[in-house]
Amino acid sequence: MRARRLLGGAVLAGAAGGGALAGLAAADRRRWRPPAPRGFVREVEGAQLHYLDEGSGPPLVLVHGFAGSTFSWRAAVPELTKEFRVIAVDLPGFGLSDRRRGIGYGHERHAARLLALLDLLGIERAAFAGHSMGGAVVQRLAARAPGRAERLVLVGSVSAGEGLEFRRRRRAGRVAFGLIGLAATSPTVMYALGRRGLRQMVADPGFVTDEVVRGYIDPLLIPGTVRAVGEMAREQEREPLVDLAAVAAPALVVTGERDVVVPPARAEALAASLPGAQDAIVIERAGHLLAEERPDAFLRAVLPFLRAGAGAQPRR
């Protein structure tokens with residue numbers, strides 16, 4: 001592992017002064033400290049799962065997207081917990097959950113672990129909100145176990161029923177994470193790359209503060225992340241696509257007006273392919289991270305839908 005880290009640092013440093021800069025990268029890495037868990041860590045189907053469990057009321061499970069974590073929901077959780085029991089999960093390979101080799105990182109395993117976590121928590125049925133890749137996971141869960149999904153909120157969500165184009169994005173993701181594996185030898189380099197990437201995910205680049213950069217990048221620096229993502233990509237390649245006609249739960253598709261990952265037209269196509277979905281909602285002045293960038297508009301869009309399914313009432 002140390003040899004690989006030094007090699008990555010040398011590549012990043014370039015030909016001029018590579019050895020010296022590699023040493024600086026190694027020192028930079030030694031100074032870095034991983035984020036501390038905020039919630040609970042529990043063994044779920046062979047993986048240590050980190051999750052938050054806050055509030056009371058009808059259960060609502062929040063599932064982050066690719067390279068995200070429970071941090072991705074931080075702007076919405078305080079309001080959601082006033083009406084719901086909110087369970088925000090770090091999927092294995094991300095956040096503060098497990099990264100051990102061979103534990104299973106595909107969407108099928110993610111969906112199975114979410115159901116197993118509900119079993120451990122004594123929850124038979126819940127609403128699910130999934131962002132980006134997390135939306136595809138909850139679509140798969142709802143098709144696999146329709147009796148467990150009360151309703152779905154799909155936020156900037158990719159489609160679990162997509163074919164070739166989705167698979168091409170997976171392969172592109174593997175290449176990107178190979179490069180990140182080299183950059184991860186230096187947290188400073190990762191923060192710089194992360195800031196640049198995150199600014200492309202929002203409508204207002206000023207939203208990407210140091211706190212946002214650290215919130216996203218620190219979990220990606222945890223050893224084992226890049227390998228776990230590689231396992232996830234290989235497992236996903238072998239998984240069947242989801243028949244979206246089998247997703248019977250009521251669904252709400254929400255996207256940002258300036259989402260470059262899932263533009264409004266793609267969100268509208270996803271809504272049209274789900275039997276229980278209403279027309280997609282497009283939030284103005286928001287990008288792919290819409291639940292963080294415009295939390296008030298996001299909550300105005302989703303709370304009436306969630307209340308209708310769970311019988312929840314707003315607290316005065």
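Threonine 70 is located in the loop that runs between β3 (59-63) and α3 (77-80); helices (H or I, at least four residues) and strands (E, at least two) are DSSP runs, numbered from the N terminus. The model is predicted: local features need pLDDT of at least 70, side-chain atom pairs count only at pLDDT 80 or more, and totals for chains, interfaces and linings use all residues. Residues are numbered from 1 along each chain as its sequence is written, and side-chain values use heavy atoms, with hydrogens and water left out.

Threonine 70 has a relative accessible area of 8% and is therefore buried. Buried means under 20% relative accessible area, exposed over 50%, and partly exposed in between (1.4 Å probe, protein chains only). Apart from neighbours within four places in sequence, threonine 70 is in contact with His50, Leu52, His64, Ala88, Val89 and Asp90, where contact means heavy atoms within 4.5 Å. Histidine 50 is 20 residues from threonine 70 along the chain, and their C-alpha atoms are separated by 8.9 Å.

## Histidine 131

Histidine 131 belongs to strand β5 (residues 126-131). With 10% relative accessibility, histidine 131 counts as buried. When residues up to four places away in sequence are not counted, histidine 131 touches Val63, His64, Gly65, Trp73, Val155, His288 and Leu289.

## Nonpolar cores

A nonpolar core is a set of buried Ala, Val, Leu, Ile, Met, Phe, Trp, Tyr and Cys residues joined through side-chain atoms within 4.5 Å. The largest such core has 66 residues, and those with the most contacts inside it are Val61, Phe128 and Leu152. A second, separate core of 28 residues includes Val153, Val155, Leu299 and Val302.

Leucine 152 is in contact with Phe128, Val138, Ala142, Val247, Ala249, Pro250, Ala251, Leu252 and Phe305, leaving aside neighbours within four places in sequence.

## Helix α8

Helix α8 (residues 210-220) is largely enclosed by the rest of the structure, because eight of its eleven residues are buried. The buried residues of α8 are Val212, Val213, Gly215, Tyr216, Ile217, Asp218, Pro219 and Leu220.

## Salt bridges

A salt bridge is a side-chain nitrogen of Lys or Arg within 4 Å of a carboxyl oxygen of Asp or Glu. By this rule the count is 16 salt bridges. One of them joins arginine 85 to aspartate 53, with the closest N and O atoms 2.7 Å apart. This pair links distant parts of the chain, with arginine 85 in strand β4 (residues 85-89) and aspartate 53 in strand β2 (residues 47-54), 32 residues apart. Arginine 85 is partly exposed, at a relative accessible area of 23%. Aspartate 119 and arginine 148 also meet in a salt bridge through their side chains (2.9 Å, N to O). That pair too links distant parts of the chain: aspartate 119 lies in helix α4 (residues 107-120) and arginine 148 in the loop between α5 (133-144) and β6 (149-155), 29 residues apart. Aspartate 119 is partly exposed, with a relative accessible area of 49%, whereas arginine 148 is buried, with 12%.

Within helix α9 (residues 225-238), glutamate 231 and arginine 227 lie four residues apart, about one turn of the helix. Their salt bridge has its closest N and O atoms 2.6 Å apart. An α-helix has 3.6 residues a turn, so residues three or four places apart point the same way. Glutamate 231 is buried, with a relative accessible area of 9%, while arginine 227 is partly exposed, with 23%. Elsewhere, Glu108, Arg140 and Arg144 are linked in a network of salt bridges.
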